[in-house]
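Here is a quick briefing to read with the model open beside you.

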Amino acid sequence: MPASKPLRRSYHMWAGSQSLLSPKGRRSYSSVPGASPAHASKTALVISPEGLSSPVRELYDRLQRFMEQRVYPVEPELQRHQASADRWSPSPLIEDLKEKAKAEGLWNLFLPLETDPEKKYGAGLTNMEYAHLCEVMGTSLYAPEIFNCSAPDTGNMELLVRYGTEEQKAHWLIPLLEGKARSCFAMTEPQVPCWAIPTCWAPCGLCPQGMQAAGSSNQNVPTQVASSDATNIEASIREEDGFYVLNGHKWWISGILDPRCQLCVFMGKTDPQALSHRQHSVLLVPMDTPGIKVIRPLTVYGLEDAPGGHGEVRFEHVRVPRENIVLGPGRGFEIAQGRLGPGRIHHCMRLIGFSERALALMKARVKSRVAFGKPLVEQGTVLADIAQSRVEIEQARLLVLKAAHLMDVAGNKAAALDIAMIKMVAPSMAYRVIDRAIQAFGAAGLSNDYPLAQFFAWARALRLADGPDEVHRATVAKMELKQRP
């Protein structure tokens, strides 16, 4: 049933006072007229903020007001800082907004109720409830950090809640929850020949599979570490005198360049002879440990994503106390899968927000521009693009909410098919919607005067960062073939 009020979505551009749209609009529609709190129970799929329970709807409204009053207006200043000489230092404005968000109870919203049933660490939202709020945060590139809901910290905090010892939680989880520290996750490895690594940690003849020792007759054989298959991870973890010693070459380690980054969650191989999914372990590595060498920041379509960045890093004889291992040796894949529980679809939730804002900007733009004697909004191709974008956003949102709902009522494993499907759908959908918006803006859409260029880069990057499209398609196909005809 349609809501009695018309659908209204309005989001800012970030070019200061040149606001294209009123910030007071919001997504507003419901499948159930006069929705009551009962519709937000774990047995109901709530497709509209109107259907959320009263406490969650009030939280949603407060989040909307905070975005409209405090976040959108300062985006131009945040963007200028991101491009300034001080970009590798955290923005004081972001830190100030964090304190304001915390004071208003808009903090650590991401931890799912299933992980934190006593609401000890977070807001106690279900995955589906959080999806509605996460979409709102996704309309701004800066918002997730302001509410302490940004990756990779969210995944690392959930890892510690699920698997950490009480000592590990006290040491690492609490500072992260309080926003006093940042973290990174060191998993991905580059494909490089042995001779390209200045410091080889493996004695001749004992190199990992596919690698040739420095000085051997065949030095141009690359390591087989394609990131789409995590069993290829070759970084070594060996036990020595009550410590674990880490050696490896990692890259695309998001957040590691941030001066606030205090914790690196490291995945490496402890037992090369074990079964492929029992060879790896996860360790908590303090960033001030000797031997961690950041080689360089990597760019995404020329964007540095300061101050966190995406680093290429070497770990050379990094010694970590034994008590820093998570769960125990050989549990790395179990932990990595658990870490990607609700976090599997947080990016998908935010991509809906990206897309909504891109479409809102596009609609305002084409109403204000004239080409070939008439407004762009009257051009048939533009109308077709708007219609196609609306349909694709709605389809993706429903699949996001369905996946989140299944995670709540049946568990992450039972929702695996829907999770894989939305991770196939959302980044590609956002990529297309944002591309149409850029086309409507013309050359201006390529600039940093608007958030579109960065939205586009992130949407494209997530077709790899959250697992390659090909892997998700293969997962969906295999699960489909297992179904009865």
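**Helix packing around α11**

Let's start with a helix pair: α11 and helix α13 (residues 469-482) have axes that come within 9 Å and cross at roughly 145°. Keep in mind that this is a predicted model. Overall, the chain has 13 helices and 9 strands, and buried residues make up 56% of its 485 residues.

*α11 with α13*

- The crossing of these two helices, α11 and α13, is left-handed.
- On the α11 side, the residues involved are A416, L417, A420, M421, K423, M424 and S428, and they meet D469, H472, R473, T475, V476 and M479 in α13.
- Sorted by class, the contact of α11 with α13 has 7 nonpolar, 3 polar and 3 charged residues.
- A477 also sits in helix α13, and it counts as partly exposed at 39% relative accessibility.
- From A477 to M421 it is 56 residues in sequence and 9.9 Å in space, C-alpha to C-alpha.

*α11 with α12*

- Helix α12 (residues 452-465) is another partner of α11: their axes come within 9 Å and cross at roughly 155°.
- That angle is over 145°, so α11 and α12 are roughly antiparallel to each other.
- Here too α11 passes its partner α12 in a left-handed crossing.
- From α11, the contact uses P427, S428, A430, Y431, I434, D435, A437, I438 and F441, while α12 brings L452, F455, F456, A459, R460, L462 and R463.
- The class count for α11 with α12 is 12 nonpolar, 1 polar and 3 charged residues.

*α11 with α10*

- Helix α10 (residues 380-410) packs with helix α11 (residues 416-441) at an angle of about 155°, with the axes 9 Å apart.
- α10 and α11 are therefore roughly antiparallel to each other, and α10 passes α11 in a left-handed crossing.
- In α10, the contact residues are D385, Q388, S389, E392, I393, A396, L399, V400, K402, A403, L406 and M407. Facing them in α11 are D418, I419, M421, I422, V425, M429, R432, V433 and R436.
- The residues of this α10 and α11 contact divide into 13 nonpolar, 2 polar and 6 charged.

**The nonpolar cores**

- The largest nonpolar core has 97 residues, and Y130, I146, F147, I345, I434 and L452 touch the most other members.
- Take L452 from that list: leaving aside neighbours within four places in sequence, L452 is in contact with A358, L361, I434, A437, I438, F441 and G445.
- There is also a second, separate core of 20 residues, which includes C184, M287, V313 and V320.
- Contacts that span the sequence matter for the picture: of the chain's contacts with a separation of 6 or more, 71% are between residues 24 or more positions apart.

**C184 and its surroundings**

- You'll find C184 in strand β1, where it is buried, with a relative accessible area of 0%.
- Leaving aside neighbours within four places in sequence, C184 is in contact with P152, N156, I253, S254, G255, I256, C261, L263, C264, V265 and M287.
- One of those partners, S254, is 70 residues away in sequence but 6.1 Å away in space, C-alpha to C-alpha.

**Helix α7**

- What are the buried residues of helix α7 (residues 166-177)? They are Q168, K169, W172, L173, P175, L176 and L177.
- Those buried residues of α7 pack against α6 (153-163), β1 (182-186), β4 (261-269) and β5 (280-286).
- After α7 comes G179, which has a positive phi near 75°.

**Backbone spots worth a look**

- Most residues other than glycine have a negative phi, and most peptide bonds are trans.
- The peptide bond from A151 to P152 is cis, with omega near 0°, and P152 lies in the loop between α5 (143-146) and α6.
- A306 and P307 are also joined by a cis peptide bond, with omega about 5°; P307 is in the loop between β6 (292-298) and β7 (310-321).
- D305 is in the loop between β6 and β7, has a positive phi near 55°, and is buried, with a relative accessible area of 17%.
- W252, in strand β3 (residues 243-254), has a positive phi of about 55° although it is not a glycine. W252 is partly exposed, with a relative accessible area of 34%.

Technical notes
Residues numbered from 1 in each chain as written. Predicted model: local features only at pLDDT ≥ 70, side-chain atom pairs only at ≥ 80, totals over all residues. Heavy atoms only, no water. Core = buried A, V, L, I, M, F, W, Y, C linked by side-chain atoms within 4.5 Å. Buried < 20%, exposed > 50% of the residue type's maximum accessible area, 1.4 Å probe, protein only. Contact = heavy atoms within 4.5 Å. Axes fitted to C-alpha atoms, helices over the stretch in contact; angles between N-to-C directions. Helix = DSSP H or I, 4+ residues; strand = E, 2+ residues; numbered from the N terminus. Parallel < 35°, antiparallel > 145°, perpendicular 65-115°, else oblique. Left-handed = near helix turned anticlockwise from the far one by under 90°. Nonpolar A, V, L, I, M, F, W, Y, C, P; charged D, E, K, R; others polar.
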